[in-house]
Amino acid sequence: MPDNTTSAPDATLLIAPGCPHCPKVLQALSEFVKRGDIGSLEVTNIAIHPKAAEKAGTRSVPWTRIGNFELLGALTSQEIREAIEKAGRADPVDHLVHLLETSRLDEALKAISDKPDNLPSLVTLLDDLDTPMAVRIGIGALLEELPAAQVVSAEDALTALTGSQHQSVRADAAHYLSLVDTESSRQTLHRLLGDQSDEVSEIARESLEALSA
């Protein structure tokens, strides 16, 4: 039975004739439906309904969506279970991480624009060195692309990162604070001029110059 603290997400699966992985993914998903971990499963053969693949934006199968999480290719039962758990929690940060991991920056930008309060929680992931590189790069791209008025909402999170024990995290924070033109962000950058790392202090100086310009 599914965890009572989560809801059972629905799933969609796109398959095609001759696909070697489709039967295994279909069988695995069906087992999760039987156990009640997935609420419903919609299966479409794109050879018969090619518009389904066009709508999903994919040319490859098997293509799986569990809740808001899209997965491509062969999947293990563990990978499916992890996607079910994340989708069932309906954690917006989990969804944003998934979008960045799958290089869907435009969708992530829209999600943040719709709910900017989720940005600070996303930014805090930069302090975890286990955060995948694709996600770290994606967070930076988000900050660079978002309007300045939305980036300001992440100032406290970025300021907290300047106290990280990791030099690379402090350096990232010093760079991204150049996108926050407030008196408090300038004060933080001035403090970083005295950082024990020459790289961090140099980036802080560059950020202050960018703000002055």
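Student: Hi! How many helices and strands are there in the protein chain?

Tutor: Hello! In this predicted model, the protein chain has twelve helices and four strands.

Student: And is the chain compact or spread out?

Tutor: It is more spread out than a compact globule, because its radius of gyration is 21 Å, well over the 17 Å that the globule rule gives for 213 residues.

Student: What box do the C-alpha atoms fill, then?

Tutor: Along the principal axes, the C-alpha atoms fill a box of roughly 60 × 35 × 30 Å.

Student: What percentage of the residues is buried?

Tutor: Of the 213 residues in the protein chain, 42% are buried.

Student: Switching topic: how many disulfides does the structure hold?

Tutor: The structure holds one disulfide. Cysteine 19 is joined to cysteine 22, with an S to S distance of 2.3 Å.

Student: Is that disulfide right-handed or left-handed, and why?

Tutor: The disulfide is right-handed, because the torsion about the S-S bond of cysteine 19 and cysteine 22 is about 90°.

Student: Are those cysteines buried or exposed?

Tutor: Cysteine 19 counts as buried at 11% relative accessibility. Cysteine 22 is buried too, with a relative accessible area of 4%. The cut-off for buried is under 20%.

Key:
Residues are numbered from 1 along each chain as its sequence is written. This is a predicted model: local features need pLDDT of at least 70, side-chain atom pairs count only at pLDDT 80 or more; totals for chains, interfaces and linings use all residues. Side-chain values use heavy atoms; hydrogens and water are left out. Helices (H or I, at least four residues) and strands (E, at least two) are DSSP runs, numbered from the N terminus. The radius of gyration is taken over C-alpha atoms; the globule rule is 2.2 Å times the number of residues to the power 0.38. Buried means under 20% relative accessible area, exposed over 50%, partly exposed in between (1.4 Å probe, protein chains only). A disulfide is a pair of cysteine sulfur atoms within 2.5 Å.
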